[in-house]
Amino acid sequence: MDVEILSRLQFAGTIMFHYIFPPLSIGLGLQLFLNELAFVLTKKSAWEAAARFWTKIFAVNFAMGVATGIVMEFEFGTNWAAYSRFVGDVFGSALAAEGIFAFFLESGFLAILVFGWERVSSKVHLLSTLMVFLGSAFSAVWIVVANSWQQTPAGYHIVWHDVHGEMRPRAEITDFWAMVFNPSSVDRLTHTLLGALVLGAFFVASVSAFYLLKKRHQDVAKCCLSIAVPTALIATILSGITGHDSAQKLVETQPAKLAAMEAHFESSDEGTGLFVFGWPDAEAGEVHLGLRLPGMLSWLVYGETDCPVPGLDQIPEEDRPPVLIPFLMFHVMVGLGTAMILLAIAASWSWFRGTLEKRRWLLWLLVVSPVGAMVANQAGWITAETGRQPWIVYPSVQDGVEMMGLRTSEGLSETVTAQQVLSSIILFGILYALLFAVWVFVLNHKIQVGPESLEPQDQQKPRDDQKLLERISHGGAPYGGSLMEDSQ
Amino acid sequence: MISYDALAFIWFVLLGILLCGYAILDGFDLGVGILHPWVAKGDRQRRLVMNSIGPLWDGNEVWLVTFGGALFAAFPDAYATVFSGFYIAFHLLLVCLIGRAVSLEFRSKVHSVIWRKIWDAGFFVSSLVASMLLGIAAGNVIAGVPLEPGYEYAGDLRDQLWWYPLMVGLLTTSLFALHGSVYLYLKTEGELQERIRRAITPIFFIFAGMYGIVTVATLVQVPWATDNFAHLPWLWIVPVLNLLAVLNVPRAMYLKRPGYAFFSTSMVIVAFALLFSVAIFPNLVISSLEKENSLTILNARSSEKTLGIMLIVAGVGLPFVLSYTGVVYWIFRGKVELDKHSY
């Protein structure tokens with residue numbers, strides 16, 4: 001395999017693994033803040049138990065996000081040196097702003113959030129929690145701005161530099177705010193953040209529903225659900241709306257991506273249909289086993305069923321993205337999104353009626369819901385990034401002047417060999433597999449132990465858990481608890 | 001307004017400050033990791049050692065992340081050349097930083113002796129190797145690396161692992177160990193503190209030995225490192241202050257003023273960062289092939305507009321960064337204690 005495909009695989013693998021954690025941190029951050037806010041306002045102990053419990057889950061998740069995130073920052077330079085030279089002037093400034101505005105904020109206040117419970121007042125602690133949440137959201141702002149600039153560049157021009165006789169192009173900023181508010185950044189940012197809030201809400205709902213099913217920590221679980229379920233409802237619906245806005249704009253900014261997502265191969269004069277499902281075959285230019293609603297894509301894009309949407313045949317062959325992956329991933333995302341909206345409506349209705357606890361099937365659906373939310377988040381990004389191909393930076397027109405883009409194949413590091421990339425893929429493959437196993441193990445362990453509060457219902461618990469709870473009630477904590485000076 | 005050349009110089013200085021901030025702050029974290037298995041006996045002491053940096057290491061690491069981002073933005077060609085040229089070294093550094101983070105985070109989450117021993121080893125090895133790699137990278141930058149006319153790195157891993165960078169790696173590692181041991185002394189008490197105090201002396205002598213060796217080696221192997229001193233003789237005050245700061249470490253420990261000793265090790269790091277910057281200026285990456293292939297602050301810089309915008313970003317952001325970093329260090333001041341939220 002050549003350096004290009006290996007570098008792309010490496011980037012895809014490391015970014016997808018990284019992206020397990022940040023959306024959960026953002027989403028969980030909001031739930032944590034709201035739980036703690038409820039505690040500060042009501043002084044009810046169940047809220048405090050909830051906030052402290054989610055803090056521990058948050059801390060583990062956050063550490064994983066930080067650890068896997070540095071990899072991304074390094075990889076731009078290690079694997080994509082030519083790309084870095086081309087975009088550094090633009091992309092680098094967004095990345096540096098992320099460091100200064102977001103990373104310092106979240107990591108500084110994280111210390112107080114996690115370790116400061118006994119050191120600062122509850123209001124200062126609440127403020128720290130809010131800052132951590134805002135910091136994680138700000139980091140999403142800058143990285144999504146940078147990524148959106150690659151998709152729909154704006155506020156820049158191309159300058160040619162003489163490097164010892166070789167002329168090299170470079171994108172340079174002309175208008176910072178036009179770069180930040182490029183045509184897709186607001187839509188994509190709101191959609192990304194909402195995707196994170198959906199994940200966080202379903203994650204909290206999942207663990208809480210699990211406790212209700214097992215009749216453990218029911219006070220805490222009910223408190224958490226009363227915030228998570230409405231958040232899920234609002235966030236899933238808004239997520240659908242912003243997703244629609246994002247997709248609609250593609251017809252102007254990235255028609256090739258839209259055509260690939262919808263497997264729309266041939267243009268025509270009539271309205272364009274929408275595939276509900278199917279298996280596209282790019283070589284044959286058709287979709288197998290597809291169900292197509294006539295005129296539907298035209299209606300979604302233009303609001304009229306007979307207005308044609310341009311197909312892939314209008315794109316020069318060398319500029320066409322792959323079709324199968326964007327099509328499948330886009331449909332997986334939309335399908336899961338729709339299912340999550342329905343689940344959020346059903347859960348909210350039952351919660352409002354007070355019947356949620358009795359509907360065990362609904363609770364079980366909530367238990368598995370974070371998997372759907374996670375897959376939808378990942379699928380959305382896969383659609384966005386594979387649909388951008390073969391460009392790493394899209395070509396554009398600025399004030400009537402055509403600006404060159406950069407192809408993914410032109411962005412590689414000249415000095416890096418396939419062997420080096422392969423060895424790094426193997427290294428990170430092993431490391432990440434181990435980390436994932438440990439993360440799941442620790443997360444499960446924490447969820448099994450649960451919030452530190454003793455409730456009457458807990459008598460039905462298995463003996464092991466009972467022992468753990470006894471230990472808590474005697475002052476020692478199972479998390480980070482001492483091993484009783486074992487190796488003295 | 002500030003001229004384009006002045007902007008490039010300011011960013012050279014700001015990058016130096018970011019790197020220096022990282023070395024001082026994460027330097028003691030790495031040093032604590034290196035000392036961890038040697039000074040802490042038993043689970044409670046190991047947890048005390050880990051929790052001495054518990055709330056701080058994450059924020060300290062952000063200095064490196066921001067340094068990377070700022071280098072990317074201010075001198076994209078230098079970022080691209082160094083990161084792609086040091087491919088394997090940087091990927092190993094990443095593995096170490098990940099290893100350190102998860103070792104701290106996971107170690108105390110499960111009640112099992114073997115589990116904790118594995119993460120103790122992870123914490124130690126990742127801190128040790130990360131320190132070495134940072135030093136090796138610095139050594140290569142001082143001594144120069146093979147660069148093509150297009151600024152691409154023209155060597156491989158073997159060109160990075162020769163005696164001079166390895167010596168700088170050992171110097172960095174011993175310096176971080178010394179810095180970390182003084183920090184730990186400040187944060188602990190009782191028997192643990194006593195054991196740390198006894199460890200400081202041998203670490204100091206190892207460091208002092210490396211300091212002497214690398215000083216001579218630099219003068220012999222990297223003659224151009226002193227070029228800038230010839231233009232600006234007053235800069236000779238830096239190595240003199242460096243020596244005084246080094247000598248002040250045992251003096252302050254003897255006087256039982258560990259805070260002063262910690263200040264001294266921090267000043268040693270500042271002095272090294274200054275010497276490093278003066279040695280390479282105005283280059284960012286020195287070419288060992290043709291001199292004109294070197295990346296300098298002039299041929300690697302971003303556009304004037306970007307450097308200006310970034311200066312505003314830094315001007316707005318840095319006061320916030322420093323103020324809440326200060327707040328966090330204030331809240332977690334004093335001897336380390338364990339509570340139910342500790343690692």
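At what angle do helix α3 (residues 57-74) of chain B and helix α4 (residues 76-85) of chain B pack? In this predicted model, local features need pLDDT of at least 70 and side-chain atom pairs count only at pLDDT 80 or more, while totals for chains, interfaces and linings use all residues; side-chain values use heavy atoms, with hydrogens and water left out. Residues are numbered from 1 along each chain as its sequence is written, and chains are lettered from A and ligands numbered from 1 in the order in which they are written.

**Helix packing**

The angle between α3(B) and α4(B) is about 120 degrees, and their axes are 5 Å apart. That makes α3(B) oblique to α4(B). Helices here are DSSP runs (H or I, at least four residues), strands are runs of E with at least two residues, and both are numbered from the N terminus. Axes are lines fitted to C-alpha atoms, for helices over the stretch in contact, and angles run from 0 to 180 degrees between N-to-C directions. Angles under 35 degrees count as roughly parallel, over 145 as roughly antiparallel, 65 to 115 as roughly perpendicular and the rest as oblique.

On the α3(B) side, Gly68(B), Leu71(B), Phe72(B), Ala73(B) and Ala74(B) meet Pro76(B), Ala78(B), Tyr79(B) and Phe83(B) of α4(B), contact meaning heavy atoms within 4.5 Å. The contact of α3(B) with α4(B) has eight nonpolar residues, one polar and no charged ones. In this classification Ala, Val, Leu, Ile, Met, Phe, Trp, Tyr, Cys and Pro are nonpolar, Asp, Glu, Lys and Arg are charged, and the others, Gly among them, are polar.

In chain A, α4(A) and α5 (residues 122-151) pack at about 170 degrees with axes 7 Å apart; α4(A) and α5(A) are therefore roughly antiparallel to each other. Their contact divides into 23 nonpolar, eight polar and two charged residues. Met131(A) lies in helix α5 of chain A. Apart from neighbours within four places in sequence, Met131(A) is in contact with Leu105(A) and Phe109(A).

**The interface between the chains**

Contact between the chains involves 91 residues of chain A and 84 residues of chain B. The two chains bury about 7,600 Å² between them, 68% of it on carbon and sulfur atoms; buried area is the accessible area (1.4 Å probe) that two parts lose on being put together, summed over both. In chain A, the most area is lost to chain B by Arg85(A), Phe104(A) and Phe115(A), together 11% of what that side buries.

Three salt bridges are counted between chain A and chain B, each being a side-chain nitrogen of Lys or Arg within 4 Å of a carboxyl oxygen of Asp or Glu. Arg85(A) forms a salt bridge with Asp77(B), with the closest N and O atoms 2.8 Å apart.

α3 (45-79), α4 (81-115), β2 (166-173) and α13 (418-449) of chain A each supply at least two residues of the side that touches chain B. The largest share, 26 residues, comes from α4(A). By class, this side of chain A has 48 nonpolar, 25 polar and 18 charged residues.

**Backbone features**

| Peptide bond | Omega |
|---|---|
| Gln389(A) to Pro390(A), cis | about 0 degrees |
| Phe281(B) to Pro282(B), cis | near 0 degrees |

Pro390(A) is placed in the loop between α12 (360-386) and β5 (391-393) of chain A, and Pro282(B) in the loop between α12 (258-280) and β1 (283-285) of chain B. Lys43(A), although not a glycine, has a positive phi of about 60 degrees; Lys43(A) is in the loop between α2 (21-42) and α3 of chain A.
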